[in-house]
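Please view the sequence and the model first, and then read the points below by topic.

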Amino acid sequence: MSQLLLEIDRLRVDFPLPQGRITAVKDVSLSLHTGETLALVGESGSGKSITATSILRLLPELAEAKGDIRWHTPQGIKSLLDVSNKRIRAIRGNEIAMIFQEPMTSLNPLQRIGHQIREVLDKHTSLNGRAARDRVIELLEQVGIPEAQRRQTSYPYELSGGQRQRVMIAMALACEPKLLIADEPTTALDVTVQAQILQLLKTLQEQYGLAILFITHDLGIVRHFADRVCVMRQGEVVETAPTAELFRYPRHDYTKTLIEAEPHGSKPPVDASAPLLVDARDLRVRFALKKRLFRPNAYFEAVKGIDLRIQRGQTLGIVGESGSGKSTLGRALLRLLESQGEVRFDDTELTHLDGKAMRPIRSRMQVVFQDPFGSLSPRMTVGEIVSEGLRVHHPELNRRQRIERVTEALQEVSLDPAMRQRYPHEFSGGQRQRIAIARALVLKPEFLLLDEPTSALDRSVQATVIDLLRTLQKRHDLTYLFISHDLAVVRALSDTVLVMKDGQVVEQGDTDALFRSPREAYTRELMRAAFLDMPA
Amino acid sequence: MHTASEAHTVGESLGREAWRRLKQNRAAMTSLVILIILTVACIAGPWLTPWGLSEVDWNAFTAPPSLAEGHYAGTDANGRDLLTRSLYGGQISLSVAVVATLVSLVIGVLYGAIAGFMGGRVDNLMMRFVDIMYSLPFMFLVILMMVLFGRHILLIYAAIGAVEWLDMSRIVRGQTLALKRREFVEAARALGVTNRTIIVRHLIPNTLGPVIVYVTLTVPKVILLESFLSFLGLGVQEPMTSWGVLISEGTDMMETAPWMLIVPSAFLALTLFCLNFLGDGLRDALDPRTR
């Protein structure tokens, strides 16, 4: 019989800022039993991470936490918010462990991974010498690191993202904690790796009788991983229910919106006779590796001879995991990278055009990037950002005409044109992505390269951006090349899909056919990982 | 013609915005006012005090400050009025600071941004040139220039400017390398923006934070470098003087005539203090993210 492990009772976290008090968490109560997985779901800013970090008192110094967090141990109940600093340090990593989203930065890059795991053991256990060394190897084996004996002397940079997350899990489990707090542990990983990590957590949970507090924004994971779900919004718990029940009968409106925000629908097909707009043959991109004197240059080929064709009005979706070369392919098509092979746009051969000759064509092919924070210069106003293309391609416009065009473009992406004077940092992620779309649209392009335009956004925001992209495509007869690792989004938006791996095409075909009956094993694996419920 | 006027309006709007924010920063504004007063005083120095630069008061050698005698800050060992000399010295020190810093700012920022943005072989060549310049001993360079061009105050500007931009170019290049991989630069390339415009509008404005901090560090360095040159007899010559020279003279007389050290040091310290506050304020004002 499972027993009560952790109780959060009316937790309230305030940030007293000079501009006024911000309450990040408002009277949140939840409980967790041994061996249970509770998912804490919410969009960015919902307070889910703050709630989790206050359990171990890892909040920023500024924050003020009130309420009670009761930690049930065989020796009695402890109020974690009130125990001494020394006591909480003994609990951290020992009784309650935590893993984070970013496996790249959570490990010290200058220390061998074996050493980093040992540090945890030295701190919290009496193991030493041989015993500790054996335990490290045992842990690495448990989290599925091959050749643990040899690997323990590796540095973090020698491991892949998934392996790093495994090492983090090994560190977290080193002292056999009762509770594991996992803060978006798979968000930065590819879908197939994500599936493996989730499987690993499940296995370890059974082995150790671990309770897991799983923080995520991804309902797909929740459905298959959690026993109970707790939905948060703007610092408050909206709904708590067993997983199956929550998905079948969501009670709160917000939960319903979240569930419905999963991308759905499909793209109406275009006329088969529509003219070809983009036609690439045997496209190759290679990067020079480190040059050595008196030796032939070594190259890494990121795109290895790809053919693709897109008809006017069509959307081609490119899916693949990180490192598959999908973004490189997109940039090569726009001639932002040097490439070999042929690229035709409409009836112009692009391959041999230099920068100057390319410029008039640039206004017809535009791009929207993934990172809404990195793709807008922080020192330019929205008006300057959106009008930049006009200055290049329509120098004949005067100031008033330019403002008119910018206003038009901002209205088109449903932003208030009065926002022209503001700077990007004043906008949310979704709004910034709209600004980036407006920057592309202001030139009235025919072809848009969308490089993971929705990946950095919350689900509900993502849904609105997808709707916007659909509307714009219909209104302006736009042709899209949609690059994503998110199969659900690609399925909802594209006519045809191209699956990439290691710079090569694995499979290519109509969206419907490809998703219904994938031919290649890799495609099937990708889909199984992405839609966890798909039959094997 | 058209594009030039465009760039102007953009610069103006950014400048006006920054000025508005700077005005709200009380420490920076106070520093700015003090610096302006100081500059005006140094320029108007000759008319402000009853004594001339090298005018000797035969009744007062090494005299402490006295209102009655008209030596508000005392005199030096040769009976010359210290306040007058400090104001004259300020002309040299401040102008060296401004000119050398401006030179290093303009050359360093452009050079670094171009090297960083172009990358590859161009970057390699440009930065190896910087390395060579670094490896030349500074004194050797100054003496060489003196032999070639003769002794002149302009030479100090040129010599200091010629070394100070090296650090700046390295800092800016490093910043640019990180910035040019950001997606907004790629987006600009996709829009067909020319390389020149990318460097001027997208890269350089985003390096401003570290650049301004570095400038506030350069100014004191330049003033001290000038005094070092003068101390070796390679800089300004008697009867002209500078804060650095006055301070080094004052150090010798520290025990018998402390005012000879305190007065020029106070001028220098006040200037550097104000510059630091102003630099901080400028950095914040030019960054739209700080409100």
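**Domains, strands, chain contact and helix packing**

In chain A, the C-alpha centres of domain 1 and domain 2 lie 35 Å apart. The model is predicted. Domain 1 of chain A covers 4-260, and domain 2 of chain A covers 310-530.

**Contact between the domains of chain A**

- Domain 1 of chain A and domain 2 of chain A each bring 10 residues to their contact.
- On the side of domain 1 of chain A that touches domain 2 of chain A, helix H7 (191-208) and helix H10 (253-260) of chain A are the elements that give two or more residues.
- H7(A) provides the largest share of that side of domain 1 of chain A, namely 4 residues.
- Sorted by class, this side of domain 1 of chain A holds 3 nonpolar, 5 polar and 2 charged residues.

**A strand pair in chain A**

- Strand S1 (residues 4-17) and strand S2 (residues 20-33) of chain A run antiparallel and are joined by 10 bridges.
- S1(A) and S2(A) make up a hairpin, with 2 residues between them.
- Leu17(A) has Gly20(A) of S2(A) standing opposite.

**Contact between chain B and chain A**

- The contact between the chains involves 20 residues of chain B and 25 residues of chain A.
- On the side of chain B that touches chain A, helix H1 (2-24), helix H7 (183-190) and helix H8 (195-231) of chain B each supply at least two residues.
- H7(B) gives the most to this side of chain B, with 7 residues.
- By class, the side of chain B that touches chain A comprises 9 nonpolar, 5 polar and 6 charged residues.

**A helix pair in chain B**

- The axes of helix H3 (residues 82-118) of chain B and H8(B) come within 8 Å and cross at roughly 145°.
- This crossing of H3(B) and H8(B) is right-handed.
- The residues of H3(B) that meet H8(B) include Ser93(B), Val96(B), Leu105(B) and Phe117(B).
- Among the residues of H8(B) that meet H3(B) are Asn195(B), Ile199(B), Val211(B) and Glu226(B).
- The contact of H3(B) with H8(B) has, by class, 16 nonpolar, 5 polar and 1 charged residues.

Terms used
Residues are numbered from 1 along each chain as its sequence is written. Chains are lettered from A and ligands numbered from 1 in the order in which they are written. This is a predicted model: local features need pLDDT of at least 70, side-chain atom pairs count only at pLDDT 80 or more; totals for chains, interfaces and linings use all residues. Domain bounds come from an automatic or database domain assignment. Two residues are in contact if their C-beta atoms, placed from the backbone, lie within 7 Å. Ala, Val, Leu, Ile, Met, Phe, Trp, Tyr, Cys and Pro count as nonpolar, Asp, Glu, Lys and Arg as charged, and the others, Gly among them, as polar. Two strands pair if DSSP finds at least two bridges between them. Axes are lines fitted to C-alpha atoms, for helices over the stretch in contact, and angles run from 0 to 180 degrees between N-to-C directions. A crossing is left-handed if the near helix is turned anticlockwise from the far one by less than a right angle, and right-handed if clockwise.
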